[in-house]
Amino acid sequence: MTSKWNYLPLTSEEKKAETELAKRYAAIPPVSELLAQRGIRSVEEARKFFHPSLADLHDPFLMPGMDKAVARLNKAMGAKERIMVYGDYDVDGTTAVALVYKYLLNFYSNIEYYIPTRYDEGYGISKRSIDYAAAQGVKLIIILDCGIKAIEEIKYARTLGIDFIICDHHVPDDELPDAVAILNPKLEDSTYPCSHLSGCGVGFKFMQAFAKSNGIDTSDLEGMLDLVAVSIAADIVPMVDENRIMAYHGLRRLNTNPNMGLRAIIRICGLSGREITISDVIFKIGPRINASGRMQSGREAVELLVARDVADAYEKGKAIDQYNKDRKELDKRITEEANAILEGRDESTSDKKSIVIYNKDWHKGIIGIVASRLTELYYKPSVVLTRSNGLATGSSRSVQGFDIYKAIESSRDLLENFGGHAYAVGLSLKEENIPEFTRRFEEYVAANILPQQLTPQLDIDANISFGDISNEFIRTLRQFNPFGPGNQKPVFCTRRVMDFGTSKLVGRNLEHIKLELVDDTSGKVLNGIAFNMAEHFEHIHARKPFDICYTIEENKHQSNSDAFQLLIKAIHPVR
């Protein structure tokens, strides 16, 4: 699908900031523009952006409910009550459980953790887990990355004498559970400065407050920021404010002295000895941790992340890596089956603005990935459903700028359960309600989605020439890391480039182009790679001009630290 290129000139306020920033970055002009786009208004703010400091993390007691949460935890530890740390089975949930459990274990031993099974218990708090907790004598459950909608379950737990502290980041309903404390920066009355924490991030803030209330040095807790960084990357929360600070320091930890379990995963997926980036977490580390909850049990991921023995961690890591291989095979098969169904409907030319697809035999642990694949392919909000425990259970994914949570919430009377955020929602409903849900979901999407949201958009940060790409620019660009929503990797556009005469087709089916390019601003020959763009090769090989959109990537195949290549995102031939 052809993308639309968008370049938004700086606003008057951003131009003013760019002028101020140019006093420091005059030698590398694009940097001032990139900083201004990110809301940076002064050289001092740029310094903080390039050198994130843990001292700039917010006071955890700014989060509503934090004083109650800490008081209840301190009371439980003082009375030697049994505590359970409970979390979701995905990356965010398992890293959160590992962090809170492992940190509290330094001070308290009457504690255990619990991860529900995706297939028997489903998402969130289950009655079975509450009964288990009661049988174990648990008096306090700290629940992470879920629980904000568990009204009936927590009401039942209270009859058994069990209190809850909820640490969640999903969108709440008007009615909240009767917990001792609810820590969620998305609560309607929350004034916490960073509203988009990951579930693990909320858990970290809770532990930060616990340490502060007890006069405990936080260096050991800060040493666990690698877990928070993994959760931030895998859950794709905005890479701004303290998320960026925690991700920055968590990545440093991943690259120097990572958690024992993460070290095993790093070794298994071939990242040892090279700099680990957010992309590595998203595409290599995160999927392996997630595969445990998708294919078997999220508890195994926590066991890996709290492991203290190198050999044990490596064996657990290998088992999880096998789950990931199995997951890939299932993912490929189910995606192909889903595509076959949609091609039969002629989905690519359909006037429908959404996709809802159901197959009772699909693997529950894979449907979220399949929903993502369908959204990428057809560029429509997509819901993928399968059957689990007598219900149609599914996952949804959205396109850029469209709030799929509101779309699904509009049919809440048809649903048994749902929860999530603007770009991803889990849901369950009775099978007989699928046709009506499909109709109403499409009706809502058609009425509310904007035409441009149904076409891939390529946002360009700066129009530059090859002459702007100096070694100093490359080194400064590195400091924009870590990247993510709100601080995406800069996309550049260069007009009227040409083949140096040495570009060639590569790949098993000659589907990619390895480029050597020049423009008319310098004598530089820049290397690039254009994946799956062989249809442009004839034009390029004829030495005709073309425009390119690209990101600048380190070339890890060359030893030179300044080596880079252009990762081409789109090509427009100039006719």
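Trainee: What makes helix α10 largely enclosed by the rest of the structure?
Mentor: Ten of the eleven residues in α10 (225-235) are buried, so the rest of the structure largely encloses this helix. Buried means under 20% relative accessible area (exposed is over 50%, partly exposed in between, with a 1.4 Å probe and protein chains only). Among the buried ones are L225, L227, V230 and I232. Just past the helix, I236 has a positive phi of about 55 degrees. Keep in mind that this is a predicted model: local features need pLDDT of at least 70, side-chain atom pairs count only at pLDDT 80 or more, and totals for chains, interfaces and linings use all residues. Residues are numbered from 1 along each chain as its sequence is written, and side-chain values use heavy atoms, without hydrogens and water.

Trainee: How do you know whether R38 is buried or exposed?
Mentor: Its relative accessible area is 18%, and the limit for buried is under 20%, so R38 is buried. R38 is in the loop between α2 (29-37) and α3. Neighbours within four places in sequence aside, R38 is in contact (heavy atoms within 4.5 Å) with F49, D461, F480, N487, Q488 and P490. R38 and V240 are 202 residues apart in sequence, with 9.4 Å from C-alpha to C-alpha.

Trainee: Why are α1 and α3 called roughly perpendicular?
Mentor: Their axes cross at roughly 65 degrees and come within 9 Å. Roughly perpendicular covers 65 to 115 degrees, while under 35 is roughly parallel, over 145 roughly antiparallel and the rest oblique. That is why α1 and α3 count as roughly perpendicular to each other. The axes are lines fitted to C-alpha atoms, for helices over the stretch in contact, and angles run from 0 to 180 degrees between N-to-C directions. E20, L21, R24 and Y25 of α1 meet V43, A46 and F50 of α3.

Trainee: What makes β3 and β6 the edges of their sheet?
Mentor: The open sheet runs β3-β2-β4-β5-β6, with parallel pairing. β3 (111-114) and β6 (181-183) each have a single partner strand, so one side of each lacks a neighbour in the sheet. The twist averages 20 degrees from one strand to the next. Strands here are DSSP E runs of at least two residues, while helices are H or I runs of at least four, numbered from the N terminus.

Trainee: How do you know that β2 and β3 pair?
Mentor: Pairing takes at least two DSSP bridges between two strands. β2 (82-87) and β3 have four, in the parallel sense, so they pair. V85 sits opposite Y113 of β3.

Trainee: Which strands make up the mixed sheet, and in what order?
Mentor: This open sheet of five strands is ordered β7-β8-β9-β11-β10. In it, β8 (382-388) and β9 (391-397) pair in the antiparallel sense over seven bridges, and V384 has S395 as its bridge partner in β9.

Trainee: Which residues touch the most other members of the largest nonpolar core?
Mentor: L73, I83, L99, I142, F206, M207 and I285 do, out of 93 residues. A nonpolar core is a set of buried Ala, Val, Leu, Ile, Met, Phe, Trp, Tyr and Cys residues joined through side-chain atoms within 4.5 Å. Helix α5 (91-104) gives the most to this core, with nine residues. A second, separate core of 39 residues includes A17, F492, F537 and F564.
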